[in-house]
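Notebook open, structure loaded. I wanted to look up the packing first and the chain contacts after that.

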Amino acid sequence: MSNVFGKFKPYNTIIHRLDPRLKFFALIALMVMCFLPYGNYANRFIVLGVLALIIVVIMIIAKINPVSIFSSLKSLWVMMIFLLIIFVFVQQGVDTSSLHPMIIFPNGYTLYWEGLLQTLHVFLRLILMLCLTLILTSTTAPMDITYALDWYLYPLKLIKFPTQIVTMIISLALRFIPTLLDESQKIMKAQKSRGVDYNRGFISKKIKSITTLIIPLLVSCFSRSVELSLAMDARGYDPYGKRTSYKILKFHVRDLVSLFVTLLIMSLFIMACAYSSFYPGADNILKLLFGVEAF
Amino acid sequence: MWQIKTKNLTYIYDKKDPNHYDALSNIDIEINKGDFVCIVGKTGSGKSTLVQTFNSLILPSTGYTQVETFYITSDKKLKKELLKNESKEVIEDNKHVANLRKKVGMVFQFPEYQLFSETILKDVMFGPKNFGMRDEEAKEVAIKSLKEVGIPESYFERSPFELSGGEKRRVAIAGIIASSPDILVLDEPTAGLDPNGKKEIMALVKKIHETGKTVIIVTHDMDLVLNFANTVIVLSDAKLVEVTTPKELFNSDNLNKYSLEIPTIYKFINLLKNKGFAGNLNEINDIDTLIDRICEAQNV
Amino acid sequence: MNKVLEVKNLNFTYDSQEGKQTIKNVSFSVNEGEYVTLIGHNGSGKSTLAKLLAYLLEPQSGEIYINGVLENEKNIRKIRQSIGVVFQNPDNQFIGSTVESDIAFGLENRAIPREKMIELVNKYANLVGMEKYLNKSPEELSGGQKQRVAIAGILALGLKVVIFDEATAMLDPEGVEDIKDLILEMRKENPELTFISITHDIEEAYLSDRVIILNDGEIFLEGKPEDVFEDEKKILSIGLDIPFVLKLKNKIALKGINVPKDVRTIDGLSEFLCGRLKQKI
């Protein structure tokens, strides 16, 4: 349980200390950067490579082991194989004249290099996005994420949207995740003692096994929420009432610097994107920079 | 003759985490068939972890737990070694953890949280069916065990969620004893009940014990230990510190050392001793003896 | 004596239980600074009564006055500023993500300025001995510690009456002792604070200022503990037990040793017995 992927680890690095609002912004910004069009494959890999480098550096500063993402998410590999099958074996559009054949079967069915590249490309994007999310969740206390969200929802307040209710719901959900995880472990142990095997059996049996966990968990969730609402009520919680906030977020100099760095990185990527779309015929960034001819 | 045995049992919690620690350290115990055992120790002493090795919910990191001929350990080499001289049937039996779980019934703290079926009867039938009983057979044993725990027949088709707390707990216990385990393990069976509920549950456990089953209870409740157990196992900081009888434990001065709660009667006797009560205060285990001794000393 | 809580002819029936009245015509009052215990077996209606007192449920008929204010929807702010509840399950009343934010929760609801809030959080964390854990999340705390935080969160609101609704029922013996000691300490520190403890612990009831025994939604007995528990048969008849000291006292009384009525603790009783012995010699 302690090794839940992306769980907040309270170290005291600069990344941990940054303002959650800034981290939130940087996360979204860099994610968008992953998805900008950068022209041909060579460009795409160069740009994503640079991005990966930046992300790895951030991870090292934040004391997150970059390799851990592969070991803790085994399903990533399943995803990789799945993508490979789709992209390599499924034909890439109608016009195949510009593609580079990899293997040509005797019956004329052709596998293209582009399929492989596309798989790698999508996979890389996916991993980068996972890493970005991982950085946010493991360096920011769940509550701080909620505060940041509350801040970003501020414009909605102006149109009388009850944002404080939304953030309260999210923060309560975050608060109860560990409690419910613990509870589900207990229920599973109790059911195992009654002969349930959660790992084996066919689908129908598995569904049955899962219900032995889900139903008790739901029942306990309901009783917990009733008690929780009483406790909140007793302490004078009024969802529409005016509340003050114990925790306030302060924007420090380091946050300002980081914001500047984020914006700088963003503009670099946007330039790369603009370059490759304004000069669609142009070769690649590598050539622009170093005069080297690639792929 | 022992029925459960642990040998050099150590369990490391969160082995992969840098902050891992020993939840159990080098435990050697033997529990005899037909015993009524209480395992005590303050929160975090490892008592719940220990009993969970008895039906393989937790595997010892090193050393092993043995229930009759079933070996429980995460050390594959050790298990192979242990099974080397055993017969073919035993080796085959050891492959299926269900065989062990049928033998060792485990009632967790707040067992009412494991109920999930539409009717009480179905819920009690669930365990026996998992352990391979046919429907009719399972129904038969379920009815029998529901009657044993004192749930009237009119309740059988009701939803378990309509019951009161104490009733739910009895249904949950029926769900375990329906598989007729030889060993019944209960983790804090009286937690959260009112005095009446406690009495009912303990009377039930006593009745089950009298049918010849081994009963093992993990508890904080020293009155329960005093009134029911014939053996007490004391754990402290993941280590085994004492295996004794309740009377010996409470008449010794060790309770404070293990930060265990002292039953009120012994607290009172200790107070009398400290205040220089001039009378024989040794070997008193119930109120009536205490009264007699007090009157003796006061010459009434 | 200043009556801080007054209950008049209270009646309550849950919607789901037609015909079965949970609280039947209950009337009593509690003085400022009193420590009242409310006992009765499961299903006697004591938890329901607690919720009615704190206006978490609305009675069908009858009136409750808290600090002179009638409990109704209109006065809800005043009620919340006068009476609070510590519930049974430590997990389900921990609302904040950390100790400090949980203590602050009620203060935030009252829109107290931040500077004042920080001051109060620190003060009450100190009072319950949790000042070193301000940044800890609930998973890192024991049950007893979580209950301490809940108590701090309620006391920080500056209430008149605090209800403990079986607040120690889910704790281990260490946690129970912890909370009991804390209550004693708080009473010393703040003698105007009124405590109503709903409990199964007859030993606790025996040492309180006043005991109210509830049976089937009605007040069965009420009064000073030494009077209430006097009739052993009556107590046993509704499935309750009598306190250890009283049991001993009753038994030795049969043999002709009469212990004064005001001896209520094992400490006092042992003192008395040893003293008596010395006199004889």
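Buried here stands for 20 or more other C-beta atoms within 10 Å of a residue's own, with C-beta atoms placed from the backbone. This core has 91 residues, and C:Ala152 and C:Ile163 touch the most other members. Helix α5 of chain C (residues 143-155) gives the most to it, with 6 residues; helices are DSSP runs of H or I, at least four residues, numbered from the N terminus.

I noted that this is a predicted model, where local features need pLDDT of at least 70 and side-chain atom pairs count only at pLDDT 80 or more, while totals for chains, interfaces and linings use all residues. Residues are numbered from 1 along each chain as its sequence is written, and chains are lettered from A and ligands numbered from 1 in the order in which they are written.

Next I checked C:Ile163. Leaving aside neighbours within four places in sequence, its contacts (C-beta atoms within 7 Å, placed from the backbone) include C:Ala50, C:Leu53 and C:Ile196.

That took me to α1(C), residues 46-53, where 6 of the 8 residues are buried. C:Ala50 and C:Leu53 are among them, and so is C:Lys46. Just after this helix, C:Tyr55 has a positive phi of about 55 degrees.

Last, the chain contacts: 28 residues of chain C are in contact with 29 residues of chain B. On the chain C side, α11(C) gives the most, with 8 residues.

Methods
Two residues are in contact if their C-beta atoms, placed from the backbone, lie within 7 Å. Helices (H or I, at least four residues) and strands (E, at least two) are DSSP runs, numbered from the N terminus. A residue is buried if 20 or more other C-beta atoms lie within 10 Å of its own, exposed if 12 or fewer, and partly exposed in between; C-beta atoms are placed from the backbone. A nonpolar core is a set of buried Ala, Val, Leu, Ile, Met, Phe, Trp, Tyr and Cys residues joined through C-beta atoms within 7 Å.
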